[in-house]
Amino acid sequence: QVQVEESGEGLVQPGGSLKLSCAANGRYAMGWFRQAPGKEREFVAAIDLSGGSTYYGDSVKGRFSISRGNARNTVYLQMNGLKLEDTAVYHCAVNAGNYEFTSFTRYVYWGQGTQVTVSS
């Protein structure tokens with residue numbers, strides 16, 4: 001059974017930064033998605049198996065960065081320039097293979113999620 005666990009929940013002011021972590025019990029292509037109350041799940045970022053390719057949703061490009069840690073089973077999401085509309089529960093997920101990174105239907109294992117709140 002693949003286990004996925006996020007950490008890094010926080011409350012930050014607009015313009016602030018926060019770093020989320022995701023640990024899995026294996027090396028996989030990984031993605032981050034978020035969901036705010038009353039809104040659909042949204043693709044945030046993904047990284048392929050090698051770590052050589054990254055993908056971002058339009059709303060976070062230039063502000064968020066996904067990377068792999070030295071412990072290869074860990075993936076980070078560095079969030080800078082946070083906006084009120086970034087408030088959501090952020091979920092980390094394991095891709096079914098190493099493809100179609102922006103579609104949530106291609107992710108098979110999901111973490112419980114971690115709350116990110118941007119508020120003044």
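1. The largest nonpolar core of this predicted model holds 26 residues, and W32, L77, M79 and Y90 make the most contacts inside it. Two or more residues each come from β3 (18-24), β4 (30-35), β5 (42-47), β7 (64-68), β8 (74-79), β9 (88-95) and β11 (114-118). A second, separate core has 7 residues, among them A29, A46, F101 and Y107.

2. Beyond its neighbours within four places in sequence, Y90 is in contact with E6, L20, W32, F33, R34, V44, F64, L77, M79, G113, T114 and V116.

3. An open sheet of 4 strands runs in the order β1-β3-β8-β7, with antiparallel pairing. Its edge strands, β1 (4-7) and β7, each pair on one side only. From one strand to the next, the twist averages 15 degrees. Within this sheet, β3 and β8 are antiparallel and joined by 6 bridges; C22 has V75 in β8 as its bridge partner.

4. The whole structure contains 5 aromatic pairs. One of them is Y55 with F101, a stacked pair with centres 4.6 Å apart and 15 degrees between the planes. Y55 lies in strand β6 (residues 54-56) and F101 in the loop between β9 and β10 (107-110), so the pair links parts of the chain 46 residues apart. Y55 counts as partly exposed because its relative accessibility is 30%, whereas F101, at 7% relative accessible area, is buried.

5. F33, F43, Y107 and W110 make up one aromatic cluster. The charged end of R41 sits over the ring of W110, 4.8 Å from its centre. Elsewhere, K19 places its charged end over the ring of Y76, 4.4 Å from the ring centre.

Terms used: Residues are numbered from 1 along each chain as its sequence is written. This is a predicted model: local features need pLDDT of at least 70, side-chain atom pairs count only at pLDDT 80 or more; totals for chains, interfaces and linings use all residues. Side-chain values use heavy atoms; hydrogens and water are left out. A nonpolar core is a set of buried Ala, Val, Leu, Ile, Met, Phe, Trp, Tyr and Cys residues joined through side-chain atoms within 4.5 Å. Buried means under 20% relative accessible area, exposed over 50%, partly exposed in between (1.4 Å probe, protein chains only). Contact means heavy atoms within 4.5 Å. Two strands pair if DSSP finds at least two bridges between them. Axes are lines fitted to C-alpha atoms, for helices over the stretch in contact, and angles run from 0 to 180 degrees between N-to-C directions. Rings of Phe, Tyr and Trp (its six-membered ring) pair if their centres lie within 6.5 Å; planes under 30 degrees apart count as stacked, over 60 as edge-to-face and the rest as tilted. A charge sits over a ring if NZ of Lys or CZ of Arg is within 6 Å of the ring centre and within 35 degrees of the ring normal.
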